[in-house]
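Thanks, everyone. Let me put the structure up, and then we can walk through it.

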Amino acid sequence: MSAAGSVLPGHPIVDAQVQLGSQLAIPRAFLEHQAANAHHRLTAYGHAVRPERMLDRVLAVHQDDDADRLVAELDEAGVDEAFLVVPDYSHVARCALTPPELAGHLDKVNRRHPGRFRVFWGVDPRAGQDGVELFERCVTEYGFAGLKLYPLCGYSPSDRRLYPYFEVARAHGLPVLSHTGPGWGPLDFAYGMPLLLDEAARDFPDVNFILGHGGVTHVDEATYLCAHRPNVHLDISQFHSVLAADGWQAHLNRLFRLGIGHKILFGTCWPSYRLSESLPGLVAAFAKGQPAVAGVKEADRRMIMGGNSLRLVGGARVDTVDTTKDTTNRGGRA
């Protein structure tokens, strides 16, 4: 693993939300919507970009099937570990792989890059008992380290059909990360409200829940939950796109000084922003003395940048090494 470098000397940096930039894990419909949004914005500002060209650019940066490029970017940025978050889109979009196939592929990715990822497996309550058994297998056979919910696909994060999954998470000491805020295409944004998680957090006090993007959207609601539910946390992934008149640095600085530094997880949602941002640049913005962390206690900065994430997944990793891989050939699918 890489050293934390000048951002957090002597302490690990953990990105609490990255994704596999691959069409094996992300439906084409999702990427088409992302490209349409980017095209709309560029057109509004007078930039002449053909829609097809924009889509080609988005698709081109989602060819990292084995996560080699992602790991290289994490290395360059000084990020030691990352939560590799994989939502279950299978009930709302055509996907390249079935859930069992995708789980197997992620196991190969994890073996290819030992020690770099904590995989959060995506589930959907409509999968029934088959989904619960697959999640159990992901934990016991593949060593996956968490559960991922994407409620915008059409369910509440406190849906009782999810409770068997939470029982598995409780039994193995795994955290549950639930998306909050908006999403894409025809999905129902109403399910992205943080307070919808409150019932599950109350019914499962021994399970740690993470509000994905909770430091960026519905922030008042998310911080309210974090302040009053011991088992609720939030991550700041997508922070650079926050809707704040005075910019994301000032926004995060206010968040970091609310007294819930022990509940906040650094995250980026990389590589969703490869076309507009640099991962090393985003991480460097949290070095001591930078505007985002100005006046923030050093103990809080250390917890936010990695300590909190590692505490939530402590003891959950089962590392395996892919002894069959050819390390001279880093391209293609794992």
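**Aromatic contacts**

Phe30 is buried, and Trp184 is buried too. Buried here is under 20% relative accessible area, exposed is over 50%, and partly exposed is in between, with a 1.4 Å probe and protein chains only. A word on the source: this is a predicted model, where local features need pLDDT of at least 70 and side-chain atom pairs count only at pLDDT 80 or more, while totals for chains, interfaces and linings use all residues. Residues are numbered from 1 along each chain as its sequence is written, and side-chain values use heavy atoms, with hydrogens and water left out.

Back to the rings. How many aromatic pairs does a search of the whole structure find? The count is 18. Rings of Phe, Tyr and Trp (its six-membered ring) pair if their centres lie within 6.5 Å; planes under 30 degrees apart are stacked, over 60 edge-to-face, and the rest tilted.

Take Phe30 and Trp184. Their ring centres are 5.3 Å apart and their planes are at 70 degrees, so the pair is edge-to-face. Phe30 lies in helix α1 (residues 28-44) and Trp184 in the loop between β5 and α7 (198-203), so the pair ties together parts that are 154 residues apart in sequence. Helices (H or I, at least four residues) and strands (E, at least two) are DSSP runs, numbered from the N terminus.

Next, Phe266 and Phe286. With centres 5.1 Å apart and planes at 70 degrees, this pair is edge-to-face. Phe266 lies in the loop between β8 (264-265) and α10 (279-284), and Phe286 in the loop between α10 and α11 (298-312), so the pair ties together parts 20 residues apart in sequence. Phe266 is buried, at a relative accessible area of 0%. Phe286 counts as buried at 0% relative accessibility.

**The strands**

Start at strand β2 (residues 81-86). Of its 6 residues, 6 are buried. Glu81, Phe83 and Val85 point one way, and Ala82, Leu84 and Val86 the other way.

What joins β2 to its partners? Strand β1 (residues 14-18) runs parallel to β2, with 3 bridges between them. Two strands pair if DSSP finds at least two bridges between them. Val14 stands opposite Glu81 in β2. β2 and β3 also run parallel, joined by 5 bridges. There, Ala82 stands opposite Phe117 in β3. β2, α4 and β3 make a right-handed β-α-β unit. Right-handed means that, with the strands pointing away from the viewer, the path from the first strand over the helix to the second runs clockwise.

On to β4 (residues 146-149). Gly146 and Lys148 point one way, Leu147 and Leu149 the other, and all are buried. β3 (residues 117-123) and β4 run parallel, with 4 bridges. Gly122 stands opposite Lys148. The chain gets from β3 to β4 through helix α5 (residues 128-140), in a right-handed crossover.

β4 pairs with strand β5 (residues 176-179) in the parallel sense, over 3 bridges. Lys148 stands opposite Leu177 in β5. Helix α6 (residues 163-172) carries the chain from β4 to β5, and this β-α-β crossover is right-handed.

**Cavities and the pocket**

Rolling a probe the size of a water molecule over the atoms shows where empty space is left. On a 1 Å grid over the protein atoms alone, a cavity is a set of points where a 1.4 Å probe fits but cannot get out; a pocket is an open set with protein on both sides within 12 Å along at least five of seven lines; lining residues have an atom within 4 Å of a point. Grid points are joined across faces, edges and corners, and a volume is the space filled by probe spheres set on the points.

There are 2 cavities of 30 Å³ or more. The largest cavity holds about 140 Å³. Of its 17 lining residues, Pro87, Tyr89, Cys95, Leu97 and Leu102 are the closest to its centre. α4 (99-112) and β3 are the elements giving two or more residues to that lining.

The second largest cavity has about 40 Å³. Its lining includes Gln19, Leu20 and Val85.

Last, the largest pocket, at about 1400 Å³. It has 42 lining residues, with Gln34, Asn37, Gln238, Ser241 and Tyr273 nearest its centre. α1 gives the most to this lining, with 7 residues.
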